[in-house]
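Take a first look at the fold below.

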Amino acid sequence: MSRTEDVLVLDRPGSHRLERRAVAEPGPGDARVRVHASGICGSDRELYQGSRPEGYVRYPVVPGHEWSGTVEAVGAGVPEALVGAKVVGEGFRNCQVCDRCHAGDTTLCTAGYEETGFTQPGAMAGTLTLPARLLHPLSDDADLGAAALLEPAACVAAAALKARARPGERVAVVGTGTLGMVAVQFLAAVSPAELLVVGARPDREQLSLDFGATAFRTRDRLSDQLAGYDVVIETAGSASAADTSASLLRRGGRLVLTGIPAAGARGLDPTDLVVRQIEVRTVFGAPPAAWSHAVRVFDAGLLTLRPLITHELPLTDFATAIQLVGGGDPAVGKVLLRPRGLG
């Protein structure tokens with residue numbers, strides 16, 4: 001007798017439903033993962049509101065690009081030893097054969113954009129089937145709830161690798177959401193001389209210090225004296241945050257942008273960038289090297305993610321979860337959805 005599962009479907013912006021489906025068998029090269037938890041971020045809210053850029057979503061869609069789970073079945077050509085492993089997985093469905101994929105820049109795949117939870121079925125379901133090559137096994141004792149945050153952590157790992165922060169440098173993080181708090185930990189690990197966190201939420205000060213920051217400021221408390229930083233990672237996703245980040249840098253400093261402002265936002269001043277010779281890098285998703293880095297740090301116990309989770313709700317409470325994420329309540333951090341058991 002075939003099993004069934006609950007699957008959350010967004011038919012179009014503002015319209016979602018739970019559908020009961022048969023659990024699919026994995027095809028050649030694929031693995032089926034029993035989902036433990038799926039996180040919600042601003043991109044999922046964009047899906048629900050219909051504000052995600054054209055070409056980066058395909059309705060109807062099963063959301064869920066931040067997830068963790070356990071492999072329960074594999075298709076032909078996939079080692080059986082993978083069954084039972086705790087895993088997370090890359091979202092970008094790259095072609096593996098273009099020049100960018102060969103260079104390891106899979107998020108720049110020239111075959112076009114395809115990503116779990118946006119154009120391909122995501123993890124807001126009982127199971128998720130995807131190419132086994134995208135999986136990253138975790139240690140046997142991994143906290144799967146915390147591991148659901150490894151997708152944003154991998155994006156921050158990509159930013160940290162691009163930032164190239166070195167011991168003794170002055171570094172800063174702008175933004176105090178999930179990405180910002182993870183960025184603090186990655187930068188603290190390189191032993192900077194100073195690690196400043198800038199955000200709009202005063203309640204994040206203690207957590208920032210706990211994660212390794214040496215100073216915390218809200219944006220309205222910044223002054224001209226807070227400048228001359230070697231590296232700034234921006235995670236807030238607004239044009240003003242990008243401007244603030246650039247203003248903190250010394251001449252020749254390195255800026256990495258990870259947030260995505262609303263469409264139509266004005267960019268950084270190119271004259272300022274050129275005259276001060278600011279190096280600007282950006283991150284959209286995470287390539288395999290960044291995923292491996294994030295998983296390695298997590299498995300070593302050097303990345304603390306559990307304190308960032310404030311709510312765990314059943315999949316049936318998707319609407320509530322979306323409201324929590326976009327409600328502006330400072331008490332709301334990362335929200336996880338948990339599927340119920342399979343039928």
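The model is predicted: local features need pLDDT of at least 70, side-chain atom pairs count only at pLDDT 80 or more, and totals for chains, interfaces and linings use all residues. Residues are numbered from 1 along each chain as its sequence is written, and side-chain values use heavy atoms, with hydrogens and water left out.

Begin with strand β9, residues 194–199. Strands (E, at least two residues) and helices (H or I, at least four) are DSSP runs, numbered from the N terminus. Six of the six residues of β9 are buried, so the strand is largely enclosed by the rest of the structure. Buried means under 20% relative accessible area (1.4 Å probe, protein chains only). In a regular strand, side chains alternate between the two faces of the sheet. E194, L196 and V198 lie on one side of β9, and L195, V197 and G199 on the other.

Now look at the neighbours. Strand β8 (residues 170–174) pairs with β9 in the parallel sense over five bridges; pairing takes at least two DSSP bridges. A172 stands opposite L196. Four bridges join β9 to the parallel strand β10 (residues 215–218). There, R217 is the bridge partner of V198.

Finally, find E115, in the loop between α2 (99–102) and β6 (127–131). E115 is buried but has no salt bridge, meaning a side-chain nitrogen of Lys or Arg within 4 Å of a carboxyl oxygen of Asp or Glu. The nearest side chain of opposite charge, R52, is 4.1 Å away.

Key: Buried means under 20% relative accessible area, exposed over 50%, partly exposed in between (1.4 Å probe, protein chains only). Lys and Arg count as positive and Asp and Glu as negative; His and the chain ends are not counted.
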